[in-house]
Amino acid sequence: MSPQTTDVLVIGSGFGGAIPAYHLAAAGARVTVLERGPRLATEEFTHDLGLGAYPRIVDVIKGDGISVVAGNCVGGGSVVYFAASLRAPSFVFDRRDAAGRRLWPASLSRAALDPWYEQVEQALPVTKLDWPDVSYAGGVLAAACDRAGHTCNPVPVAVDRARCTDCNWMLSGCRFGAKRSMLLNYLPAAEAHGAEIRPLHEVQLIRPSTVPGYRYAVDHITLDPSDYTCPTGAGTLHTKVLVLAAGAVGTPVLLQRSALALGGVPPAVGGYFSGNGDRVSVAEMDEGKVRSLLGLSRSATVAYEALHIGMPITAASFDRLDASAPQFSRFTLQQIYFPAVTNTLAQTAGQRWSGVAKKQMRARWRSWLTVLAMTEDEAEGSFGVPPLTGSFTRLANGLGLGTMRFAPTSGTRRGWAEADTHTRAVLERDGLATVRPWSEDVAGTVTAHPLASCRLGDSAAISALTELNELRTHPGLFVTDGSAVPTSLTVNPSLTIAALAERACPAIAARCAQYGVPVRYAPSDPLTGATRRGEVAEAARAVAVRAGA
């Protein structure tokens, strides 16, 4: 039997995988995408919390001191994320570690990434909300901020408001085609240019190819669609260029397992893991004071009781994103909704996990206002010895044990404490609410924004990738998912992950050309196919020159 080959193999189909898949296919390369999870059409998403529903497409992976919520389906995290689409503030790109080393490449500033941000904002596209679009919970946060002397603004989201029903089931996938996931733009555009997407394919090992003209061999298994712990087959694909976008939990583990076969990987692989500084708190609103202090009410008898109503993220305060402020004091405070399965994580005084106080508090869940602070952490996490197969030890569909460890440093805890103090100052003023941060006793810190476990940078001592997303000492192997982001961002990371993936595409195309793949890359719109002009075209030419094109 002849070996299976492709020009470009993409592992993962979220933001980091779908974007290169589209651009390389549009440029003329043969592109194959391997995705561990299943493929669901829009109408197949199920809006309930049954065991046969969200565990099909969402994984909760528990590590030591941290738990990660991640997408597991074609479209990856873009299918289950809450669609907030924010550019990282300028100071993020200037961050340094305790030794004074610059963490982002010198070539990457906010200004340098702005053309790529704009490219993604137009391609998804991103919608700028106005106050009538903000959920009632978001409006309550805004009113509380205003009363405390702070600002609050609507959050840009990748949502078609004309199609959105405000059902608040984003974690389960959007069955109305309103959330602009990769399923609605980059992936169908990639397939229109001949890319092949193979769901339920879990990659196990990357090794040198023995097929002449091909650089990497990728061994994979296929999975039973009803039980992801059961393999149904195995195979190998040989590729000239490899794009790794298995997520910040999957990518480092796969590279660690492949280290021996590849002759080693950079020491930064699996280090510097960040949870984006995520800090979740529950504010239990006093219904009477929502009416008397904020002057708000939903009806004659109900002032608030609106945790579950509307889109999960609609409003945020950016007042603490001050570039001149000390590190670990800067953060975004954002209204957010989490499903009821997370209700046990809110602390109660003296009884953090169970008991009467917890039961009484959970009974008042409609009066909760959940807030997410995205702070600056020190990327102090790391990954241990990889499991024999997969990215983590899968216990069941939707649940696994990971090898990541996260012991918060004093800097990270200082950032959380700053956010907690600010949140209380806004929401506990005059008894408006009682704020309770999520407990770390059950799952450690919890994040849906894992980053930096295979990060790019200028220094080989603290980064695994070059500034063009190529794995050091392994030409033709690129990493374009959240693991490539060097630091926490103080905002939701999806737009930055996507912008960095867009920026990497000219370099990937240049490497394809060097390896004999006839490609003609130009930045283009996946929805219309129109070639982009102006700043993004200039930025693409600059990246191609640095890549040696």
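The model is predicted, and its secondary structure comes to eleven helices and 19 strands. The protein has 549 residues and a radius of gyration of 23 Å, which agrees with the value near 24 Å that a compact globule of that length would have.

**Overall build**
- Along the principal axes, the C-alpha trace of the protein spans about 75 × 50 × 50 Å.
- Buried residues make up 61% of the 549 residues, and among the contacts with a separation of 6 or more, 74% are between residues 24 or more positions apart.

**Spans taken from the UniProt record**
- The unreviewed UniProt entry lists residues 7-41 as "domain: FAD dependent oxidoreductase"; in the model this span is 34% helix and 26% strand, and its end C-alpha atoms are 27 Å apart.
- The unreviewed UniProt entry also lists residues 66-260 as "domain: Glucose-methanol-choline oxidoreductase N-terminal"; here the chain is 26% helix and 24% strand, with the end C-alpha atoms 28 Å apart.

**S524 and R532 in the loop between helix 10 and helix 11**
- S524 lies in the loop between helix 10 (494-514) and helix 11 (535-546), and R532 is placed in the loop between helix 10 and helix 11 as well.
- S524 counts as buried because its relative accessible area of 7% is under the 20% cut-off, and R532, with a relative accessible area of 14%, is buried too.
- The side chain of S524 is joined to that of Y22 by a polar contact of 2.6 Å, and, leaving out residues up to four places away in sequence, S524 touches Y22, H23, Q119, G529, A530, T531 and R532.
- The side chain of R532 makes polar contacts with the side chain of Q119 at 2.7 Å and with that of D525 at 3.2 Å.
- Beyond neighbours within four places in sequence, the residues in contact with R532 are Q119, Q122, A123, P523, S524, D525 and A537.

- Most residues other than glycine have a negative phi, and most peptide bonds are trans.
- A cis peptide bond, with omega of about -10°, joins L124 and P125; P125 is found in the loop between helix 3 (110-123) and helix 4.
- D166, although not a glycine, has a positive phi of about 55°; D166 lies in the loop between strand 5 and helix 5 (186-192) and counts as partly exposed at 33% relative accessibility.
- E305 is likewise not a glycine and has a positive phi of about 45°; E305 lies in the loop between helix 7 (287-294) and strand 11, and at 32% relative accessibility E305 counts as partly exposed.

Definitions and conventions:
Residues are numbered from 1 along each chain as its sequence is written. This is a predicted model: local features need pLDDT of at least 70, side-chain atom pairs count only at pLDDT 80 or more; totals for chains, interfaces and linings use all residues. Side-chain values use heavy atoms; hydrogens and water are left out. UniProt positions are given in the numbering used here, feature names are shortened, and annotations may be inferred rather than shown by experiment. Helices (H or I, at least four residues) and strands (E, at least two) are DSSP runs, numbered from the N terminus. Buried means under 20% relative accessible area, exposed over 50%, partly exposed in between (1.4 Å probe, protein chains only). A polar contact is a pair of N or O atoms within 3.5 Å; within protein, one must be able to donate a hydrogen and the other to accept it, and residues adjacent in sequence count only if both atoms are side-chain atoms. Contact means heavy atoms within 4.5 Å. The radius of gyration is taken over C-alpha atoms; the globule rule is 2.2 Å times the number of residues to the power 0.38.
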